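Reader: Hey, I've just opened this one and I'm new to it. Can you walk me through it?

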Amino acid sequence: MRNKALAFGAIGVVGMLALAGCGRADDAGQGGGGGEAATVDDSPATGDIEIWAMGEEGENLGDFADAFIDENPDASVTVTSIPWTDVMTKYQTAVAAGTVPDAIMIGSSLLPSMVAAGGLAQVPDDLVDDDSFNETALESTEVEGTAYAVPWYVETRVMYYRTDLAEQAGVEAPKTWDDLTAFAKAMKANGSDYGIQLPMGDAEDSTQIILPFYAQAGGDVLNDAGDAYAWDEAALTDALEYYASFFTEGLAPMSGYGDEQTAAFANGSNPAFISGPWMVGVLGDQESPEWVDENVGTAPVPAGADGNDSYLGGGHLGVFEDAENADGAWKLITWLSEPETQQRWFETVNALPAVTSALDAEPFTSDPRLSVLNDQLEDTVAPPSVPSWNEMSAFIETEAEKVANGSSAADAASAIVAKAESLGTGW
């Protein structure tokens with residue numbers, strides 16, 4: 001499995017999360033929690049387990065956990081759904097006031113900031129089988145060799161395209177950077193307004209496309225020790241130039257995905273985009289499942305000079321140091337990590353299992369769109385696990401937008417390197 005972690009040179013670009021080791025309960029690093037990791041036995045969970053969760057996960061977890069209560073009748077699960085925009089404020093306020101729940105869903109990119117702020121407990125030794133998880137996702141739960149969360153689900157991106165229009169244009173799914181450019185040009189020449197949709201600016205998290213381009217160009221974000229940024233200016237220039245070329249050549253709209261993303265795809269005015277597994281359902285709602293089956297294909301993202309890494313995001317689960325029912329929370333997390341549970345969770349919210357064996361069953365093995373996602377998980381990059389990444393990412397997105405508007409990619413790369421030197425990792 002080639003999971004390049006953007007956080008570390010040796011570990012990779014995404015899985016490259018600045019994690020120097022793989023221990024689940026080593027001495028705590030910067031921030032996070034102190035002391036020894038808890039131990040969890042095999043007895044049933046008891047008492048109320050309070051958990052914060054966001055988005056669709058927060059809306060569905062309460063009912064989903066009824067199956068856990070069936071197995072642990074002396075326990076209950078209380079889920080508080082909170083907006084993504086409020087997560088860090090509520091987290092910091094609760095830690096400072098000592099009013100934390102037992103557990104929390106953690107967006108993979110937020111974990112470093114939470115660890116730096118303190119309050120998370122270390123993952124107990126042998127709570128779960130580390131080898132059962134997607135490697136990149138597992139690395140993204142660790143900071144300086146200590147795990148503060150357990151992977152819950154993963155999200156990677158693949159290319160969606162209109163197979164009917166591609167056939168008319170005489171092109172197949174692109175496999176390389178040059179292929180993708182030719183594909184977009186052919187689609188536009190066939191009558192579409194554009195050839196592909198790509199995200200633009202910080203409102204659409206364009207680094208989720210730019211980071212994979214950078215990894216595909218051979219770049220790492222952090223040094224081997226994971227304690228400093230190590231941007232490869234040449235690879236960064238190549239990635240920015242390639243990203244911007246779709247806008248400067250009129251192959252992608254400057255508006256990015258915009259509010260009309262699915263409509264533009266459905267009506268053929270923009271017949272391709274890169275996104276995650278949830279888009280199958282979104283497109284089915286826009287048209288019909290039958291229309292999707294007949295007209296929508298998926299393919300791994302095209303490869304650059306150094307592979308075809310795609311972005312890996314997802315959600316983790318962590319427990320607070322001051323949790324009133326930490327034992328119950330860890331047992332709930334263990335249950336959510338079981339392959340069968342992860343398969344049922346996918347059926348509920350279309351979140352890809354973080355446990356790799358869960359992907360060896362239906363519908364992942366027979367649905368070609370899902371099997372492509374499974375294949376893409378072999379080549380992924382994730383954001384580096386450092387507190388300053390959110391600020392660093394926003395700066396990259398601003399510079400990339402300038403390049404898309406015609407500014408120099410080399411100048412933007414130089415500015416990004418300088419920003420990284422002044423900003424540091426945040427530890």
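Reader: How many aromatic pairs turn up in a search of the whole structure?
Author: The search finds 18 aromatic pairs. Keep in mind that this is a predicted model. Take W177 and F213: their ring centres are 5.8 Å apart and the planes sit at 70°, so that pair is edge-to-face. It links distant parts of the chain, with W177 in helix α7 and F213 in helix α8, 36 residues apart.

Reader: Are those two buried or exposed?
Author: W177 is buried, at 15% relative accessible area. F213 is buried too, at 5%.

Reader: And what does W177 form with Y242?
Author: W177 and Y242 form a stacked aromatic pair, with 4.0 Å from centre to centre and 5° between the planes. Y242 lies in helix α9 (residues 233-248) and W177 in helix α7, so this pair ties together parts 65 residues apart in sequence. Y242 counts as buried because its relative accessibility is 8%, and the cut-off for buried is under 20%.

Reader: Which residues do ring pairs link into a cluster?
Author: That cluster holds F64, F68, W152, Y153, W335 and W345.

Reader: OK, switching to charges. Which residues form the negative surface patch?
Author: D63, D66, D70, E71, E338 and E340 form it. Helix α2 (residues 66-71) gives the largest share, three residues.

Reader: Take D70, is it buried or exposed?
Author: D70, which sits in helix α2, counts as exposed, with 64% relative accessibility.

Reader: Now the backbone. What's up with the phi of D205?
Author: The phi of D205 is positive, near 50°, and D205 isn't a glycine. You'll find D205 in the loop between α7 (177-189) and α8 (207-216). D205 is partly exposed, with a relative accessible area of 36%.

Reader: What about N350, what's its phi?
Author: N350 has a positive phi of about 60°, and it is not a glycine. N350 is in the loop between α14 (339-349) and β13. Its relative accessible area is 30%, so N350 counts as partly exposed.

Reader: Last one: which residues does a cis peptide bond join?
Author: That bond joins E362 and P363, with omega about 5°. Most peptide bonds are trans. As for where to look, P363 is in the loop between β13 (352-353) and α15 (368-376).

Conventions: Residues numbered from 1 in each chain as written. Predicted model: local features only at pLDDT ≥ 70, side-chain atom pairs only at ≥ 80, totals over all residues. Heavy atoms only, no water. Helix = DSSP H or I, 4+ residues; strand = E, 2+ residues; numbered from the N terminus. Buried < 20%, exposed > 50% of the residue type's maximum accessible area, 1.4 Å probe, protein only. Patch = residues over 30% accessible without salt bridge, like charges linked within 9 Å, V, L, I, M, F, W, Y side chains within 5 Å. Areas by Shrake-Rupley, 256 points an atom, 1.4 Å probe, with all protein chains shown as cover. Salt bridge = Lys/Arg side-chain N within 4 Å of Asp/Glu carboxyl O. Lys, Arg positive; Asp, Glu negative; His and termini not counted. Charge placed at Lys NZ, Arg CZ, Asp CG, Glu CD. Phe/Tyr/Trp six-rings, centres within 6.5 Å; stacked < 30°, edge-to-face > 60°.
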